[in-house]
Amino acid sequence: FTVVPNNDSFVRKIGKNYNYGHLDHLSLSGIGKNRIFISFDNEEIAKLSNGRKFSNVELILKVKRNWSNWKSGRSISLYPLLLNWSEDSITWNCSFDSNNKNSSKDDCVNWSLEDSDGYSLPWDLEEVSSTYIENSTKNEVRLNLTSYFNNTRLDDINGFVIKKTKDSLLGSVEFYSRESKFSPKLVFSLSSTGNKPPTAKLKLENKNVYSNDEVLFDARESY
């Protein structure tokens, strides 16, 4: 089954107080620093998976434009976010900005999107997935999330941030956002063996057996 995002956006350090959640693309830029944010409806995933394990989970991003400045190829990385967010309220400076169409902070909830900002990063530092982008990458990019989804409670997932693994290296690409006709998508393949629930053994002591097959057992209070 396939799920499309319920939120996606990107933020730029050179546009610190602006929000780009309404655009039809998600940008990683060679000029300045960018972060892509994306999340999915966990309840929808839970309903469609029905408790099954996944044999494969891939995030697929369709390329809108590649500036072909990746030299021999450079990587992008995906990390799990640690807090809730919304595509229409995030900026580089703020996890929430009540008026993000101007150049100032408004009711800003500060956060840090790089180590030097003085606040804790809003994502887990353990990378979930990465992939290489080359000058020839024109169609789509895939990030594998199978292990993460099989080992993480859906209730604990707040979405993901995607960034260049090394910000200082050149490389610019735009992916289509959910506001376009080529939305990102999370594609799940279910395991054929399913997800067997854990079993427990119960020891019962038989007290009396009657002819009508009714069985009485001693309760723990009887010992």
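Modeller: A definition is needed at the outset: two strands count as paired if DSSP finds at least two bridges between them. Please keep in mind that this is a predicted model.

Biologist: Understood. In strand 13, which residue is the bridge partner of Asn-56?

Modeller: Asn-56 is bridged to Ser-189 of strand 13. That bridge belongs to the antiparallel pairing of strand 5, residues 54-66, with strand 13, residues 185-190, which comprises six bridges. Ile-60 also has a bridge partner in strand 13, namely Lys-185.

Biologist: What about strand 5 and strand 10, how many bridges there?

Modeller: Five bridges connect strand 5 to strand 10, residues 140-144, and the sense is again antiparallel. Within this pairing, Leu-59 stands opposite Leu-143 of strand 10. Strand 5 is also paired with strand 12, residues 173-176, in the antiparallel sense over three bridges. There, Arg-65 has Glu-174 as its bridge partner.

Biologist: And strand 1, which strand do its two bridges join it to?

Modeller: Strand 1, residues 2-3, is joined to strand 13 by two bridges, and the two run antiparallel. Val-3 has Leu-186 as its bridge partner in strand 13.

Biologist: Take Phe-175 then. What is it in contact with, beyond its neighbours within four places in sequence?

Modeller: With those neighbours left aside, the contacts of Phe-175 include Leu-26, Leu-28, Ile-36, Leu-61, Val-63, Ile-76, Ile-133 and Val-141. Asp-24, His-25, Lys-62 and Lys-64 are also among them.

Biologist: On to aromatics. How many aromatic pairs are there?

Modeller: The structure holds twelve aromatic pairs. One of them is formed by Phe-37 and Trp-111, which are stacked at 5.3 Å centre to centre, with 15 degrees between the planes. This pair links distant parts of the chain, since Phe-37 lies in strand 4 and Trp-111 in the loop between strand 8 and strand 9, 74 residues apart. Both residues, Phe-37 and Trp-111, are buried.

Biologist: And Phe-149 with Phe-188, what is the geometry of that pair?

Modeller: Phe-149 and Phe-188 are arranged edge-to-face, with 5.4 Å between centres and 85 degrees between the planes. The pair bridges helix 2, which holds Phe-149, and strand 13, which holds Phe-188, 39 residues apart. Phe-149 has a relative accessible area of 5% and is therefore buried, and Phe-188, at 3%, is buried as well. Both belong to an aromatic cluster that also contains Phe-1, Phe-54, Tyr-148 and Phe-160.

Biologist: Thr-146, is that buried or exposed?

Modeller: Thr-146 has a relative accessible area of 12%, so the residue is buried, the cut-off being under 20%. Thr-146 lies in helix 2, residues 146-150. Beyond its neighbours within four places in sequence, Thr-146 is in contact with Phe-54, Ser-55, Asn-56 and Val-57.

Biologist: What about Thr-131, where does that lie?

Modeller: Thr-131 lies in strand 9, residues 129-133, and counts as buried because its relative accessibility is 18%. Its C-alpha atom is separated by 7.2 Å from that of Arg-142, eleven residues apart along the chain. Arg-142 is also one of the residues in contact with Thr-131, as are Arg-74, Ser-75 and Ile-76.

Biologist: Last topic, disulfides. Which cysteines form one?

Modeller: Cys-94 and Cys-108 do, with their sulfur atoms 2.0 Å apart. The torsion about their S-S bond is about -110 degrees, so the disulfide is left-handed. Cys-94 lies in strand 7 and Cys-108 in the loop between strand 7 and strand 8, 14 residues apart. Cys-94 is buried, at 0% relative accessibility, whereas Cys-108 is partly exposed, at 21%.

Notes: Residues are numbered from 1 along each chain as its sequence is written. This is a predicted model: local features need pLDDT of at least 70, side-chain atom pairs count only at pLDDT 80 or more; totals for chains, interfaces and linings use all residues. Side-chain values use heavy atoms; hydrogens and water are left out. Helices (H or I, at least four residues) and strands (E, at least two) are DSSP runs, numbered from the N terminus. Buried means under 20% relative accessible area, exposed over 50%, partly exposed in between (1.4 Å probe, protein chains only). Contact means heavy atoms within 4.5 Å. A disulfide is a pair of cysteine sulfur atoms within 2.5 Å. Rings of Phe, Tyr and Trp (its six-membered ring) pair if their centres lie within 6.5 Å; planes under 30 degrees apart count as stacked, over 60 as edge-to-face and the rest as tilted.
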